[in-house]
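Me: Hello! I am new to this structure and would like to learn how to read it. Could you walk me through a few features?

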Amino acid sequence: MSEKTFYDLNLSQTITKNRMVGLWRMMKGYRWLFIGATIALAIATISRTGIYLVLRRFIDDVVVPGNFGTNFVVIILTFIGLAVLQGGFTFVSGWMAAKTAEGVTRRLRNYLFDHLQRLPYAYHAEAQTGDLIARATSDIDAVNRFYGDQAIGIGRIILMFVVNFIALLQLNTRLAWLSVIAIPAIIGVSIFFFSRVSKAYEAYQEQEATLSNRLQENLTGVRVVKAFARQGFESYKFDQENWRKFRLGKNLLSIHSLFWPISDIICGAQMLTSYFFGAIMALNGEITVGTYMAFVSLVIWIIWPMRNLGRLIVQTSTGMVSYKRVAELLKEEREPLLEGKYQPSGDAQGEIVFKDVWFEYEPDNPILKNINFTCRSGDVIALLGSTGSGKTTLVNLLPRFYDPTDGMITLDGVDITQYPRKYLRSQIGIVEQEPFLFSRTIRENITYGVHRKVTEEEIIQAAKFAAIHDVIMEFPKAYDTLVGERGVTLSGGQKQRVAIARALLKNPRILILDDSTSSVDTETEMHIRGALEHLMQSRTTFIIAHRIQSVMDADLILVFDNGEIVQKGTHAELMKTSGMYKDIFDIQTRIEVELEKEISSVNI
Amino acid sequence: MSTFEEFDEQDYGKLSTPILRRLLSLLKPHWRTVVGFLTCIGLVSFIDGYTTFLGAQIIDEGIIAGSRAAIVRTITLYGAVMLIQAALAFGFIYLTGILGERVRYDMRKKMFNHLQQLSLSYFSQTPVGWIMARLTSDTERLADLMTWGILDVTWAIVNISTAAVFMLMINANLALIVLFMLPIMIVVAFRFRIRILYHYRKSRKMNSKITGAFNEGITGVRVIKALSREDDNLEEFGELTEGMYQASYKAAWLSALFLPTVQVISAIGLGIVLWRGGMQVQVGVLTVGGIQAFVSYVTFIMWPIQDMARVYAQMQNAIASAERIFNLIDTEPDVKNRSRTVETQTIAGDIQFDDVHFYYEANDPVIKGLTFEVKKGEMVALVGPTGGGKTTIVNLLCRFYEPTQGKIYFNGVDYQDMRLEDIQSRIGMVLQTPHLFSGSVRENIRYGRLNATDAEIEQAAKLAGAHEFIMQFDEQYDQDVGESGNLLSVGQKQLISIARAILAQPELFIMDEATSSVDTLTEALIQRGMDRLMQGRTSFVIAHRLSTIKRADKIIVIEDGQIQEMGTHQELINQKGKYYNLYTRQFRQELEAQYDIFTPAERTQTEA
């Protein structure tokens with residue numbers, strides 16, 4: 001259960017201004033592995049270069065003089081030995097690089113996931129879901145590619161250049177310098193092209209998204225398309241986007257089809273220049289035939305890989321952007337769950353006091369103004385008021401999704417900011433109007449958030465109390481039905497009852513109910529009411545009420561208007577005074593009278 | 001994130017003759033391009049082999065023979081050949097790439113057009129994501145195989161063959177050693193590739209699960225916090241990333257092992273060649289240049305092999321993709337025109353349902369024996385509980401479905417004898433959750449009649465009561481409605497869809513009233529818009545509001561796929577049956593809503 005198992009490093013602390021340093025810090029624990037990968041890569045590269053140097057000896061010492069003694073066998077064996085060494089270390093390097101990249105990414109994923117769920121609710125209320133997901137998935141993938149592909153890829157090309165160039169210098173200084181003249185040009189052309197390619201590719205991808213959207217709209221709107229018989233028009237619209245994608249693809253390919261031949265020509269020209277001067281020098285006896293052969297092979301390994309450098313550099317720059325986007329998330333501060341000056345041992349009593357509580361999301365725009373009330377343990381508090389009058393904001397303060405801007409809320413006489421958030425939340429159950437269910441089985445949804453083993457009987461018991469058992473049993477897979485699975489969709493009322501069952505199992509001391517039963521039939525409504533009554537027994541309950549019936553029995557009714565409590569008291573008390581509450585109540589009576597009138601008007 | 005990732009099934013398919021024939025038929029219209037790129041790549045590949053041979057000649061005829069002229073000549077030839085090769089490379093990249101895009105375009109077009117013909121039942125049984133995956137990832141895979149795949153294999157085969165021929169020319173004896181090693185390398189490479197692909201696919205699968213977990217972790221964060229699920233969630237997520245780690249690590253590990261293994265095998269082959277070859281130089285059978293050529297051929301032979309292995313592994317996936325694509329294209333629409341149809345000028349007139357039954361699956365009937373008649377110009381209200389069959393009746397009426405038993409008559413003519421287009425082009429429909437298309441308000445209204453003028457569009461909007469709020473937009477009728485119209489409120493979308501239906505001047509009007517509450521003003525506007533639409537038209541309304549129901553000429557109470565009660569408001573109230581109960585309950589609710597200051601208007605995001 002400990003966090004240590006999933007990430008052993010506080011990644012939020014690795015963030016610095018310099019992205020390279022940040023990426024290096026993020027590798028902590030894998031740095032030696034990464035260095036190992038680089039060393040292995042160097043050994044492999046040296047081995048390959050060695051192979052060509054052995055080949056040179058083979059030609060110069062064995063073949064040309066015709067000296068097939070022990071030397072010959074040694075050379076052949078060295079040749080194979082170096083090949084094995086090269087293969088072996090190439091593997092080791094790839095393996096270590098993969099371990100580094102995958103390990104660092106896994107830690108980053110775990111950390112970010114945990115980080116996101118521990119960021120304050122206030123952060124999530126503001127953030128865009130799509131953007132967060134993009135950062136958590138495609139941006140992390142880009143960081144993964146940086147470690148596993150780009151960093152090591154650039155390293156490989158540089159190593160190949162350095163090792164082979166040193167070898168060339170050993171063979172012949174003049175030839176060596178002659179062989180790298182075109183390299184700046186190759187790199188330049190390559191960077192130029194790949195930055196063009198990456199732009200064209202982006203446009204292509206965007207069009208892909210547009211096309212997908214068009215398709216999706218057509219599929220989800222199939223009834224409209226058919227009802228207006230617009231199949232032809234739809235095909236025409238789709239074809240336009242489809243054709244645009246074809247054009248953009250063509251554009252992308254034109255760049256590619258120019259780059260590769262042009263770079264072929266530059267690389268080829270460089271290679272042939274080297275070949276020519278090499279051959280002439282060999283002819284003049286300045287170098288041996290063996291040297292020429294080794295030289296010819298080494299040149300290939302210097303020139304051609306350079307073409308990829310541009311791609312890697314361009315990709316690295318997009319990787320850096322991704323890293324920055326991830327780092328921005330990591331910099332956000334988490335809310336501590338366990339921290340608290342007051343660590344209670346048992347369950348709370350549920351006595352709650354609001355004292356001069358003010359709340360505002362933005363300065364000078366208070367949503368709650370000077371809220372004062374007291375409720376005893378086990379009380380039912382009803383919150384009445386129109387949308388935006390502050391009811392939801394008020395109950396958001398209880399589990400500390402937000403903290404009051406001013407004033408204090410106490411639970412059992414202790415300021416709730418003194419409690420650890422985890423404890424506080426363990427004492428509170430929330431049943432929302434349209435609760436969020438997870439795409440798991442109904443059973444898992446009911447037991448979600450119950451931190452103990454739950455028996456099947458308990459689950460069924462809870463479902464029965466919540467009046468959802470019968471509905472569940474009608475599904476082919478009963479409690480194992482996946483929520484949101486094809487064909488199985490739960491209505492708002494059914495979701496709410498699953499949430500009631502969930503709250504029953506959690507067995508909290510304080511309950512927050514968003515009471516809305518408008519979209520169910522009479523029988524179900526009765527069931528839900530029964531379930532709710534069961535749930536509210538001996539708990540301090542806050543009901544966000546939309547209808548007067550559900551507040552009549554409350555111990556305290558708070559009537560909200562524009563962030564203020566305008567009336568406060570029991571049903572009996574409030575009925576005695578004129579005011580909003582009484583007005584609302586009177587409407588009920590009026591409705592019955594009107595119904596009577598309406599029915600009789602029909603029956604003339 | 002794409003919602004259709006989960007439908008990106010990747011399994012193995014077997015190449016069979018019929019599939020191969022169909023695959024090739026995709027390329028048939030573009031056979032010239034195919035011939036073009038195959039020629040280019042064939043020559044490129046041949047030149048690859050030839051230049052190596054030229055390299056050997058520089059040594060033998062130039063350096064060893066001591067001829068400067070030969071060096072100049074060979075290098076010039078080398079350069080010329082490379083220039084040709086560059087030109088050919090341009091050719092094959094351009095041709096293959098564009099053919100690939102073209103094949104993608106063709107396939108998407110074909111599938112999309114076919115989808116337009118398919119019946120509603122197909123869409124109610126097939127998840128949108130599944131269809132989207134066919135038009136995206138499957139199309140990608142198939143097009144890649146048919147272009148770059150074929151290209152790579154051609155290159156590889158020509159490359160190996162050219163190398164083999166030149167090696168045989170240089171020294172048959174040594175060439176045979178290499179050719180003997182070749183199958184070993186190929187088998188090893190193929191097996192590696194398949195294993196790598198297996199793990200790679202597993203990691204993709206884990207990846208989409210991880211995306212799903214992030215999605216839920218973010219959208220459900222309130223519940224997670226309220227239930228203190230953070231630790232459990234992290235643990236579950238840790239299992240996913242562990243799975244992802246294992247799969248991608250294995251794929252990477254195998255990839256790391258793959259090339260070195262092939263290289264070592266070829267190096268051993270080369271060792272043998274050098275050992276035998278060294279002896280032969282002595283006897284004069286082999287030249288130094290010959291050795292150089294062998295070194296190059298054997299060193300670079302791993303590339304074609306690795307390409308072939310890759311294409312082979314990808315092919316199995318792509319074939320499975322092809323099977324799914326063909327499956328989509330082969331699906332026949334359930335509802336289509338009969339071979340002989342009646343010419344229809346109008347569908348306005350009496351409508352009869354005669355013992356209509358409908359089911360998706362025979363043992364689970366949805367509609368059980370509906371019989372009723374509607375006179376021209378009447379308004380019918382369908383009421384009853386969710387899932388009772390109201391929507392199915394409307395779908396039958398529009399001939400999105402056809403009765404599995406019984407008949408529906410328009411003007412006394414069996415509507416299955418009519419042409420689908422004739423029926424559906426005369427229907428106007430407003431859905432419960434109005435569907436708009438991305439684009440401007442104007443474009444969305446024009447959807448009702450494509451050749452409508454701007455003035456007519458405005459007129460329709462005015463009639464629908466949408467004009468006022470449209471004029472308040474910054475860009476008025478040119479305002480972008482967003483993807484599926486989600487920049488607008490439900491009420492606004494509904495008004496626009498009413499305007500769209502008004503513009504269509506339908507003969508039959510169908511409306512599925514929204515249950516979600518809209519503010520009183522919008523509500524009144526919608527009512528007025530509906531009134532205008534229903535004037536003088538036969539209309540069916542899946543009704544939720546009493547004002548609508550009461551006005552109906554005929555109320556049909558549907559429950560359990562059957563007509564429970566039917567008649568006018570007055571008749572049904574007097575029956576004191578199901579309708580009576582439904583009505584009184586609804587009456588209380590509506591009045592409560594009307595009077596009650598606490599009833600939420602459209603719920604805002606923060607409240608939900």
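Reply: Gladly! Let us begin with a set of residues that touch. In this predicted model, Thr52(B), Phe53(B), Gly55(B), Ala56(B), Gln57(B), Ile59(B), Asp60(B) and Ile64(B) of α2(B) meet a group in α9(B), made up of Val288(B), Gly289(B), Gly290(B), Gln292(B), Ala293(B), Ser296(B) and Tyr297(B).

Me: What kinds of residues make up the contact of α2(B) with α9(B)?

Reply: There are seven nonpolar residues, seven polar ones and one charged residue in that contact.

Me: How do I describe the way two helices pack?

Reply: The general idea is that two packed helices are described by the angle between their axes and the distance between the axes. Here, helix α2 (residues 31–64) of chain B packs against helix α9 (residues 288–300) of chain B at an angle of about 160°, and their axes are 8 Å apart. Because of that angle, α2(B) is roughly antiparallel to α9(B). The crossing in which α2(B) passes α9(B) is right-handed.

Me: Now a single residue, please. Is Val298(B) buried or exposed?

Reply: Val298(B) has 24 C-beta neighbours inside 10 Å, so this residue counts as buried; the cut-off is 20 or more. You will find Val298(B) in helix α9 of chain B.

Me: Which residues is Val298(B) in contact with, leaving aside its neighbours within four places in sequence?

Reply: Those contacts are Val178(B), Ser266(B), Gly269(B), Leu270(B) and Val273(B). For a view across the chain, look at Met530(B): 232 residues separate Val298(B) from Met530(B) along the chain, and their C-alpha atoms are 79 Å apart.

Me: Let us move to domains. Where do the domains of chain A lie?

Reply: Chain A is divided into domain 1 (9–171 + 314–335), domain 2 (173–286) and domain 3 (352–578). Between the C-alpha centres of domain 1 and domain 2 of chain A there are 25 Å.

Me: How many residues of domain 1 of chain A are in contact with domain 2 of chain A?

Reply: Six residues of domain 1 of chain A are in contact with nine residues of domain 2 of chain A. On the domain 1 side, α5 (129–171) and α11 (306–331) of chain A each supply at least two residues. The largest share, four residues, comes from α5(A). That side of domain 1 of chain A has five nonpolar residues, one polar and no charged.

Me: And which domains does the assignment give for chain B?

Reply: For chain B, the assignment gives domain 1 (14–171 + 286–330) and domain 2 (344–426 + 543–595). The C-alpha centres of these two domains of chain B are 60 Å apart.

How values were computed:
Residues are numbered from 1 along each chain as its sequence is written. Chains are lettered from A and ligands numbered from 1 in the order in which they are written. This is a predicted model: local features need pLDDT of at least 70, side-chain atom pairs count only at pLDDT 80 or more; totals for chains, interfaces and linings use all residues. Axes are lines fitted to C-alpha atoms, for helices over the stretch in contact, and angles run from 0 to 180 degrees between N-to-C directions. Angles under 35 degrees count as roughly parallel, over 145 as roughly antiparallel, 65 to 115 as roughly perpendicular and the rest as oblique. A crossing is left-handed if the near helix is turned anticlockwise from the far one by less than a right angle, and right-handed if clockwise. Two residues are in contact if their C-beta atoms, placed from the backbone, lie within 7 Å. Ala, Val, Leu, Ile, Met, Phe, Trp, Tyr, Cys and Pro count as nonpolar, Asp, Glu, Lys and Arg as charged, and the others, Gly among them, as polar. A residue is buried if 20 or more other C-beta atoms lie within 10 Å of its own, exposed if 12 or fewer, and partly exposed in between; C-beta atoms are placed from the backbone. Domain bounds come from an automatic or database domain assignment.
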